[in-house]
Amino acid sequence: MSAAATRRLTTAQALVRFLAAQYTERDGVRHRLIAGTWGIFGHGNVAGLGQALVEYREAMPYHQGRNEQAMVHAAVGHARHLNRLSAQAVTTSIGPGATNLVTGAALATINRLPVLLLPGDYFASHAADPLLQQLEHPVEADVSVNDALRPVSRYFDRITRPEVLLASALQAMRVLSDPAETGAVTLALPQDVQAQAYDWPAEFFADRVWRVRRPAPDPVELAEAARAIRAAARPLIVAGGGVHHSEAEPALKALVDATGIPVASTQAGKGALRHDHPADLGGIGHTGTAVSDALARAADLVIGVGTRYSDFTTASGTLFQHPGVRFLNLNITAFDAHKLAAATLVCDARSGLTALTEALAGHRVDAAYETEYRTGKTRWEGTVAEAFRADDDGAVPTQTQVLGALDAVVGDADVVINAAGSLPGDLHKLWRARSPRQYHLEYGYSCMGYEIPAALGVQQAAPDTPVWALVGDGTYLMNPTEIVTAVQENLPVKLVLVQNHGYASIGGLSESVGAERFGTDYRHRVADGSFTGAPLPVDLAANAASLGMDVLRAKTVRELREALATARAATRPTCVYVETAPPSAALPAEAWWDVPVAEVSAREAATDARAAYERAVADRRRHL
């Protein structure tokens with residue numbers, strides 16, 4: 001290899017140069033594949049990747065994080081908002097920095113969202129052995145803590161020599177840009193190898209475009225799918241996140257407009273149709289709407305589009321109760337398409353929906369069916385209006401009234417982010433999504449602490465868009481540190497911090513399964529060992545202010561509306577803090593969720609809960 005055809009760089013320098021030259025392209029539009037790198041430096045990466053990021057800081061934007069897990073969440077939020085066409089990298093030191101990536105990696109892979117992880121590792125040469133923070137294994141010297149990332153990564157390699165990077169970097173980009181395979185990708189980087197120099201082929205640094213495919217449906221599968229839909233009297237579409245990832249919302253609308261088939265949505269798929277489309281029935285499953293779940297129980301054909309059918313969507317196998325119900329799944333991943341013994345269309349969502357619309361030309365569901373679901377939708381819209389209404393502007397707002405106040409303030413382009421607690425259920429039932437990217441719920445992993453860092457990633461992806469992180473007190477205490485990053489990078493995210501003094505969601509679940517809300521309140525411990533005393537004297541608003549946010553305290557509905565409007569117009573990170581009134585019982589779950597209850601107990605609450613559990617589980621079906 002001639003000197004003219006190579007460039008001598010360290011492994012870390014070569015990696016940064018390579019990443020800066022990678023692009024995706026779909027529908028003729030090009031995107032930078034690795035848009036930036038998040039990092040926290042320690043001895044395992046500061047002299048390698050840290051030095052390389054300084055050397056090439058004009059080519060690779062760098063973002064300083066405060067928590068390794070949170071950096072992954074920020075990168076995932078960025079990738080989701082950009083429909084997986086652009087990702088970010090995350091670099092950490094070895095030891096706790098690396099293991100802190102595991103939760104974020106699991107979240108990315110479960111949600112089929114791309115993120116590149118670059119943790120430091122031990123010395124490949126074992127020259128310094130053991131080094132600080134190294135895990136020693138008595139019979140496997142090549143094991144490190146980074147091996148904990150293997151089961152939660154879609155691709156993993158340890159770069160033990162510089163030249164290993166040539167093949168592994170290309171494989172990493174292939175997986176990140178493949179809509180059927182994407183998720184977390186890990187390249188573990190021994191710290192001595194990061195600093196080693198090598199004569200790299202010049203073509204390694206050339207601009208490279210990874211085309212994101214839109215595979216068309218198989219003609220035989222398409223014909224069978226069209227026949228199944230034409231034969232169905234009560235078809236129902238379940239829209240999942242794949243509709244958004246494929247940018248297939250217009251294709252879904254065209255199919256629905258032509259056929260009249262109604263649409264229910266998963267947490268990831270909400271917003272696939274605008275809330276005011278006559279065929280949009282809202283959320284489905286355990287946290288679904290009454291109209292969606294009623295139609296799901298009577299559907300004779302369920303058409304899943306880009307969904308992986310989690311237990312919340314299927315109500316743990318109890319939702320789809322029609323005696324002859326069959327499934328038709330359109331998914332770019334065969335693994336998901338074959339679930340529930342379905343007929344399959346393994347293809348891109350937009351390509352498949354467009355082909356289905358053409359194949360179903362002239363077909364429309366019965367007028368009586370349309371009248372039925374439109375009437376149900378109208379009834380549910382009344383339920384939403386009732387939950388949002390606040391007759392007394394001077395009263396302490398309920399959680400649903402907080403959502404109503406926010407609904408009145410946001411514009412069509414605003415993004416609302418949430419992940420865990422009681423808010424996902426209320427949002428799935430009540431939120432009126434006005435655009436495809438507005439509703440951003442991470443519910444594949446339902447990870448507490450996702451919301452604030454994800455808001456940073458979304459704000460980076462959409463700088464001029466108002467981005468709202470909705471956070472309960474329990475979630476806030478898990479991971480507030482990226483507020484500092486928002487302040488440092490001047491990202492004007494809006495935080496709605498809801499204080500209800502405990503884990504509202506798990507508290508309710510605890511009560512329903514006979515665990516009597518034990519350990520779910522943020523209150524003083526009392527004499528019998530329970531936590532039912534006065535609320536703790538914790539001021540989360542003061543904490544957010546201490547981290548650099550502007551904080552607006554709202555005690556009443558009127559003050560809340562004013563604070564939300566002020567926050568939306570703010571040009572720096574702003575928190576609206578509100579303590580909510582106890583929730584009403586107006587919005588019970590419309591479908592079951594399987595959380596096994598103790599078979600035997602000396603406590604009445606548990607025995608009663610077990611009896612209810614056995615009644616519910618009797619409705620479970622195996623769809624074969």
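Strand β4 (residues 34–39) pairs with strand β6 (residues 87–92) in the parallel sense over four bridges; two strands pair if DSSP finds at least two bridges between them. Helices (H or I, at least four residues) and strands (E, at least two) are DSSP runs, numbered from the N terminus. The bridge partner of I34 in β6 is A87. Helix α3 (residues 68–81) packs on the sheet and touches β4, β6 and β7 (115–121), where contact means heavy atoms within 4.5 Å. The direction of α3 makes about 170 degrees with that of β6. Axes are lines fitted to C-alpha atoms, for helices over the stretch in contact, and angles run from 0 to 180 degrees between N-to-C directions.

The model is predicted: local features need pLDDT of at least 70 and side-chain atom pairs count only at pLDDT 80 or more, while totals for chains, interfaces and linings use all residues. Residues are numbered from 1 along each chain as its sequence is written, and side-chain values use heavy atoms, with hydrogens and water left out.

The open sheet has six strands in the order β5-β4-β6-β7-β9-β8, with parallel pairing. Because β5 (62–64) and β8 (155–158) stand at the edges with a single partner strand each, one side of each is left without a neighbour in the sheet. On average, neighbouring strands of this sheet are turned by 20 degrees against each other, direction ignored.

Strand β12 (residues 235–239) has five of its five residues buried, so it is largely enclosed by the rest of the structure. Buried means under 20% relative accessible area, exposed over 50%, and partly exposed in between (1.4 Å probe, protein chains only). Both faces of β12 are covered, with P235, I237 and A239 buried on one side and L236 and V238 on the other.

| Partner of β12 | Bridges | Residue pair |
|---|---|---|
| β15 (residues 301–305) | five | P235 opposite L301 |
| β13 (residues 263–265) | three | A239 with S265 |

P262 is found in the loop between α10 (249–259) and β13, and at 0% relative accessibility P262 counts as buried. Leaving aside neighbours within four places in sequence, P262 is in contact with P235, L236 and I237 of the chain, and also with A279, L281, L295, Y369 and Y373. The C-alpha atoms of P262 and E482, 220 residues apart along the chain, are separated by 40 Å.

Grid points are joined across faces, edges and corners, and a volume is the space filled by probe spheres set on the points. The count comes to three cavities of 30 Å³ or more.

The largest cavity has a volume of about 630 Å³. Of the 46 residues that line the largest cavity, G241, G242, H245, A268 and G306 are the closest to its centre. Helix α9 (241–245) is one of the elements that give two or more residues to this lining, and α9 gives the most, with four residues.

The second largest cavity has a volume of about 50 Å³, and its lining residues include I94, G95, D121 and Y122.

Key
On a 1 Å grid over the protein atoms alone, a cavity is a set of points where a 1.4 Å probe fits but cannot get out, and a pocket is an open set with protein on both sides within 12 Å along at least five of seven lines; lining residues have an atom within 4 Å of a point.
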